[in-house]
Amino acid sequence: MKNIALIIAVCCLVAGCATSRPIPVYQTLTASEEEQMLWRRAQEEQDAIDGSGLLYQDAEIENYLNQIAEKLQTNSISADISFQIKVIKDPKLNAFALPNGVIYIHTGILARMENEAQLAALLAHEMTHCTHRHSLKTLRNIKDRTQAKSATVRELAQLLGITGSIASINGYTRELETEADRVGLDLAVKANYDPNEVLKLFELLKQENEIEGVEEPYFLGTHPKVQQRIENVKRWLAENNRGKIKGSKNTIKFQSRMSRLMLENARLDLRQGKFFIAQSTVKKYLSVNPDDAQAYFLLGEIFRQRGWKNDAAAAINNYEKSISLNPSFAESHKAMGLIHYKDGEKRRAKKYFESCLLLSPNTADKAYIQGYLKLCAANGEG
Amino acid sequence: MKKLLTLLISLLLITSCASVAQKRSLKDLSNNDFSVEIPEGWWKPKHLDKYLITKDGVFLQYVLIQQRPIDRPYRNTKKKLNKGMLPQEAAGVIIDEIASDRRIYNFNVIENAPAIIDGREGFKILFTYKDKKGSIFKTLYYGFISGDSFFNLRYNAAMRYYFEKDIAAFEHILSSFKIVKDKAALKFARDL
């Protein structure tokens, strides 16, 4: 009877939220059933993410990431989990692991890293969430609490697995995160990576968070806060006397692999109006690829869209550099047209708009450009 | 046992039908600096504190009209609109705001072009997206800057069937859209 009442009550709740799908009810969960449910939920999450258009598709980078994961897994307690590392186009400084071994890393955090040792520490941290079954522990914890007191709607939902695996996205308890830090650092060291690098990464991310005034994302993370994570790493380094031991960093290899991703992420940062971070990422990219017309165009866009005093001149310099490196790069011609058009220099604007349409007759902003050209003609610049 | 089951099943039905029972009227549409003609059969969901109307329910289609202060920050981008912006630049900010929204999947801009709204230069963006559950929506978004305000009118509908079904109604709303420059004077004229 109790079971039927619960099923119907849950159905009512589900019906109330018209967008939710019915949820299977598991009343007597055994350990394996619980885990199976988490994995099913993880698969749903994975399907949603993989079909979202948010994946950064680059086979070379995926292979690289998976190779590092394999190297780390050699010393892991669960050699049987089949890890799969994927990248999400998102400028947030985040990474998360689903309980089924699929790990997602945001372009944001990859673009900020300096070397493979930092990446290995992050991967090892996320892999530990899987090998140490942190999702299952979280689910059981919720279940215990739910049984101990009267269940709230949210807790019921969690008990039923609605958010069980999502804990992996939103962060675990402070204790589980600390365990992932500790075990992850052990794994990174066993794979011969320099553990001191992770401290540098945390410091850099903390500094950037402060500059942009962003909320601390999960990896840094919510549990515990970034400063506490820094303390965790410092304590681990002191306890393990690792401060003086230097492992490998693989800086050059890492930077050459992440080069295009950095530029893509700078574009995403610009989209979110994070001008400072976008600018520093493009400059970092240009230090390795000094002759890239697209990068100079992007730098020009950062200045033009920010619109501070003297930014228009800086934008023009970068667009000109972009055109000098690649005269057929239509986007820079369009941007030059726009900046001159706004400045009232219709003759110059017309020249650039025309060259843009010549280079890219089906450019996405064609209708606007044609409109500007008409107005230029009406103003006697035809 | 039987009684309890009946009670619970009734509760299920009542909860499911909550939206149907909602009173369909245009009451509570907030006052703004604009006026529009709303076609027959459209209504405002009572629980939403927006100038939002629908015909078959908000998950199937809605028209949302907003007047927002130009300097009000957006949720997903730090970029802001400003008075000196060209419509193309304003459209760029809106696209960046939508594209940065993590609730929106497979965002795809089909068209981004200049548009005239109530005689003012603006833009129109036609785009599609998917929500987390995989439902595909299509949106036609018109916007323009006037004084210290950014006005926008958007028509959002399930891509399959509904978008085409009610696009004419939205076009009627759009063509009837007028900025009411002096509301007090207009009211006085009406009273006369």
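**From a loop residue to the domains**

In chain B, the loop between strand S6 (136–146) and strand S7 (149–158) holds Asp148(B); helices (H or I, at least four residues) and strands (E, at least two) are DSSP runs, numbered from the N terminus. The model is predicted, so that local features need pLDDT of at least 70 and side-chain atom pairs count only at pLDDT 80 or more, while totals for chains, interfaces and linings use all residues. Residues are numbered from 1 along each chain as its sequence is written, and chains are lettered from A and ligands numbered from 1 in the order in which they are written.

Is Asp148(B) buried or exposed? Asp148(B) has 10 other C-beta atoms within 10 Å and is therefore exposed. The cut-offs behind this term are 20 or more other C-beta atoms within 10 Å for buried, 12 or fewer for exposed, and partly exposed in between, with C-beta atoms placed from the backbone. Leaving aside neighbours within four places in sequence, Asp148(B) is in contact with Pro69(B) and Ile70(B), contact meaning that the C-beta atoms, placed from the backbone, lie within 7 Å. Asp71(B) is 77 residues from Asp148(B) in sequence, and their C-alpha atoms are 8.0 Å apart in space.

Chain A has 18 helices and three strands. Of its 382 residues, 42% count as buried. Among the contacts in chain A with a separation of 6 or more, 66% join residues 24 or more positions apart.

One helix pair of chain A can be followed in detail. The axes of helix H15 (residues 311–325) of chain A and helix H16 (residues 330–342) of chain A come within 9 Å and cross at roughly 150°; axes are lines fitted to C-alpha atoms, for helices over the stretch in contact, and angles run from 0 to 180 degrees between N-to-C directions. H15(A) is therefore roughly antiparallel to H16(A), a term for angles over 145 degrees, with those under 35 counting as roughly parallel, 65 to 115 as roughly perpendicular and the rest as oblique. The residues making this contact include Ala312(A) and Tyr319(A) of H15(A) and His333(A) and Met336(A) of H16(A).

An automatic or database domain assignment gives domain 1 (2–239) and domain 2 (274–381) in chain A. Five residues from domain 1 of chain A and four residues from domain 2 of chain A form the contact. Helix H10 (residues 196–212) of chain A supplies three residues, the largest share of the domain 1 side.

Methods
Contact = placed C-beta atoms within 7 Å.
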